[in-house]
Amino acid sequence: MEFDLTPKEKIIMGARKKIAVGATVFLSVLWLLHGLYLVLYLDLYDEMKDFAFVTLIIIAFEGFFWYPYVRYGRLSLSVAVVSAEGIDFVDAKGHCWRSIPYHCITKVCKTTVSGTFYGEKKDEVEGTYVCFFLNKLEAIPDVPYHRLFSHKDFSMIYDQEHLSDVLKLYGMDVKTEQE
């Protein structure tokens, strides 16, 4: 069965990608038309130096739209696939970027974890996650939120309706714990 790795981030990141693509295309076409106007109609070849400088500024500004998607896109659009062998984390393209065999899991618990990928006060946003402690780890590692999913001895999945039931089918007892 497939479960979203993070809450609501899939929708937000998908929308952010569409905004980034739209803004990039719009600004690029607008600026290209302006450059053609300068060169073809006004014969302002000397102004091309200023045009190139402003083009670099616009490209840097477009990077602002793309940054969250580039940094957190794979993680926010990933799903956790629970199977008989273990749990696989699969990105939007269908590539598995992490596997957790059941025999490596020391402890499974449902707890509240603070954090999200972006936004104001992103460390104050809380969500309930099913946490997987690996290789005898006992506590949630003190790392940034986005690194909790790929930590070598820890991982987590956003708590969804049937996740605990599916894990119980594969012998994982999910305990509730509050931090």
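Colleague: In which element is Leu-33 found?
Modeller: This is a predicted model, in which local features need pLDDT of at least 70, side-chain atom pairs count only at pLDDT 80 or more, and totals for chains, interfaces and linings use all residues. Residues are numbered from 1 along each chain as its sequence is written, and side-chain values use heavy atoms, with hydrogens and water left out. Elements are DSSP runs numbered from the N terminus: helices are H or I with at least four residues, strands are E with at least two. The element that holds Leu-33 covers residues 9-41 and is helix α1.

Colleague: Is Leu-33 buried or exposed?
Modeller: Buried means under 20% relative accessible area, exposed means over 50%, and partly exposed lies in between (1.4 Å probe, protein chains only). Leu-33 has a relative accessible area of 52%, so this residue is exposed.

Colleague: How much accessible area do the residues of the nonpolar patch on the surface have together?
Modeller: A patch takes residues with over 30% relative accessible area and no salt bridge, joining like charges within 9 Å and nonpolar side chains (Val, Leu, Ile, Met, Phe, Trp, Tyr) within 5 Å. A salt bridge is a side-chain nitrogen of Lys or Arg within 4 Å of a carboxyl oxygen of Asp or Glu, and areas come from the Shrake-Rupley method with a 1.4 Å probe, where for residues only the protein chains shown count as cover. Here the members are Val-21, Val-25, Val-29, Leu-32, Leu-33 and Leu-36, and together they have about 520 Å².

Colleague: How many helices and strands are there in the protein chain?
Modeller: Let's walk along from the N terminus: the elements run β-α-α-β-β-β-β-β-β-α-β. That gives three helices and eight strands.

Colleague: By how many degrees are neighbouring strands of the open sheet turned against each other on average?
Modeller: The open sheet has four strands in the order β1-β2-β3-β4, with antiparallel pairing (two strands pair if DSSP finds at least two bridges between them). Its edge strands, β1 (2-4) and β4 (96-101), each pair on one side only.

Colleague: Which residue in β3 is the bridge partner of Ala-80?
Modeller: Strand β2 (residues 79-82) runs antiparallel to strand β3 (residues 86-90), and four bridges join them. Across from Ala-80, the bridge partner in β3 is Phe-89.

Colleague: Which residue in the turn of the hairpin of β3 and β4 has a positive phi?
Modeller: β3 and β4 pair in the antiparallel sense over five bridges, and Gly-86 stands opposite Pro-101 in β4. Five residues lie between the two strands of the hairpin. The one in the turn with a positive phi, about 90 degrees, is Gly-94.

Colleague: What kind of aromatic pair do Tyr-102 and Tyr-170 form?
Modeller: Rings of Phe, Tyr and Trp (its six-membered ring) pair if their centres lie within 6.5 Å; planes under 30 degrees apart count as stacked, over 60 as edge-to-face and the rest as tilted. By this rule there are seven aromatic pairs, including Phe-89 and Trp-97, tilted at 5.5 Å centre to centre with 45 degrees between the planes. For Tyr-102 and Tyr-170, the centres are 5.8 Å apart and the planes stand at 20 degrees, so this pair is stacked.

Colleague: How many residues apart are Tyr-102 and Tyr-170?
Modeller: Tyr-102 is in the loop between β4 and β5 (105-114), while Tyr-170 is in the loop between α3 (163-169) and β8 (175-176). Tyr-102 is buried at 12% relative accessibility, and Tyr-170 is partly exposed at 34%. The pair links distant parts of the chain, and the two residues are apart by 68 residues.

Colleague: In β8, which residue is the bridge partner of Cys-109?
Modeller: β5 pairs with β6 in the antiparallel sense over nine bridges, and there Thr-111 has Tyr-129 as its partner. Two bridges join β5 to β8, which run parallel. In β8, the bridge partner of Cys-109 is Lys-175.

Colleague: What is the relative accessible area of Lys-136?
Modeller: Lys-136 lies in the loop between β6 and β7 and has a positive phi of about 70 degrees although it is not a glycine. Asn-135 lies in the loop between β6 (126-134) and β7 (154-158), has a phi near 50 degrees and is partly exposed at 48%. Lys-136 counts as exposed, with a relative accessible area of 69%.
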